[in-house]
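Please read it alongside the model.

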Amino acid sequence: MTSQRFLLRYARLVPGVLALGLALMIAGCSGDSDKAVVDFSKTVPVTRPGDRASPTPPLRVAVAAMISPKETFDLYRQILAYLGRKLDKDLEFVQRKTYGEIDELLQKNQIDLAFICSGPYVAGREKFGFEPLAVPEVKGSHFYYSYLIVNKESSFQRLEDLKGHTFAFTDPDSNTGRLAPTYWLAEMHEKPETFFSRIVYTYSHDNSIMAVARNLVDGAAVDSLIWEFYQEKTPAFTAKTRIIKKSEPYGIPPLVASSGLPAPLKERLREIMFTMHRDPEGKKILAELMIDRFIPPQEAWYESLRRMHQSLAGQKDKAHAP
């Protein structure tokens with residue numbers, strides 16, 4: 001096999017951008033309820049000297065930015081390299097800032113595989129035509145949660161206590177980072193735009209954790225898997241936060257394939273993913289990612305997400321009714 005090759009396309013978070021961007025934004029906040037978008041689009045082109053053209057097209061794999069771009073690459077490159085070796089294929093690692101951009105790439109068959117959030121999976125499966133291949137099992141479970149977090153030293157104890165305060169969402173389409181807290185507020189007959197004094201988008205869960213830890217925002221909703229990962233591996237920021245609400249369980253985000261990927265290749269990918277934990281090399285990689293193994297997905301695991309989507313969509317319809 002030719003040497004394994006990664007073509008990397010990702011935005012690198014410039015040190016200090018998060019702290020400076022959020023601090024400046026919040027310091028200048030007025031009492032209105034306008035949403036603010038934090039743009040982490042600073043990019044550094046990455047190339048590898050000596051790369052040669054591959055005789056066959058590479059397998060294009062996208063990873064939604066559930067964590068900041070550099071962290072995403074550092075964590076996922078091992079598992080992607082493993083897949084490439086098993087398939088005897090080169091891989092092209094693609095990253096985009098928003099979940100919506102990943103959906104669009106899948107719809108246009110511009111990528112072959114993607115690790116996506118559960119929210120976009122439920123909302124866009126029929127529309128964008130992607131197919132679930134495998135789901136990570138973590139600590140014996142295929143479920144995860146949305147954690148509502150605040151600074152450890154704050155006095156906040158409930159979601160209601162954050163009324164009139166600043167809040168961080170991750171991505172507009174994120175399940176744990178936006179949909180779940182929006183649903184909680186809807187149950188209270190509230191909306192984020194009027195409940196919070198200011199909303200910011202961080203575009204990754206680790207950025208939201210950091211923002212709360214540094215008191216740049218008063219609260220945030222984050223992916224439990226990511227909070228637990230950092231709490232165990234590098235708790236510098238999670239240790240400065242406190243969980244005050246935990247959602248119902250949701251199916252863990254799956255690995256999906258575009259509609260254009262050949263069926264035999266999909267089956268081979270499933271075979272590799274489902275046996276990875278039995279291979280010493282694969283088991284070591286999974287252990288570093290705190291994943292037990294990959295298992296076949298079941299649609300029933302995502303029913304709670306569908307109910308939330310339907311409930312919020314129904315409320316939008318009522319809001320626009322004459």
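1. Phe167, Phe169, Phe195, Phe196, Tyr201 and Tyr203 are joined into a cluster by ring pairs. Rings of Phe, Tyr and Trp (its six-membered ring) pair if their centres lie within 6.5 Å; planes under 30 degrees apart are stacked, over 60 edge-to-face, and the rest tilted. The model is predicted: local features need pLDDT of at least 70 and side-chain atom pairs pLDDT 80 or more, while totals for chains, interfaces and linings use all residues. Residues are numbered from 1 along each chain as its sequence is written, and side-chain values use heavy atoms, without hydrogens and water.

2. The count comes to 10 aromatic pairs. Tyr201 and Tyr203 form a tilted pair, because their ring centres are 6.1 Å apart and their planes stand at 35°. Tyr201 and Tyr203 are both buried (under 20% relative accessible area, 1.4 Å probe, protein chains only).

3. The charged end of Arg178 sits over the ring of Phe169, 5.7 Å from its centre; this requires CZ of Arg, or NZ of Lys, within 6 Å of the ring centre and within 35 degrees of the ring normal. Lys246 lies over the face of Tyr145, 4.2 Å from the ring centre.

4. Phe294 is in contact (heavy atoms within 4.5 Å) with residues including Ile79, Phe115, Met273 and Leu286, its neighbours within four places in sequence being left aside.

5. Helix H7 (residues 205-213) is largely enclosed by the rest of the structure, because nine of its nine residues are buried. Helices are DSSP runs of H or I with at least four residues, numbered from the N terminus. Asn215, with a positive phi near 60°, follows H7.

Technical notes: Buried means under 20% relative accessible area, exposed over 50%, partly exposed in between (1.4 Å probe, protein chains only). Helices (H or I, at least four residues) and strands (E, at least two) are DSSP runs, numbered from the N terminus.
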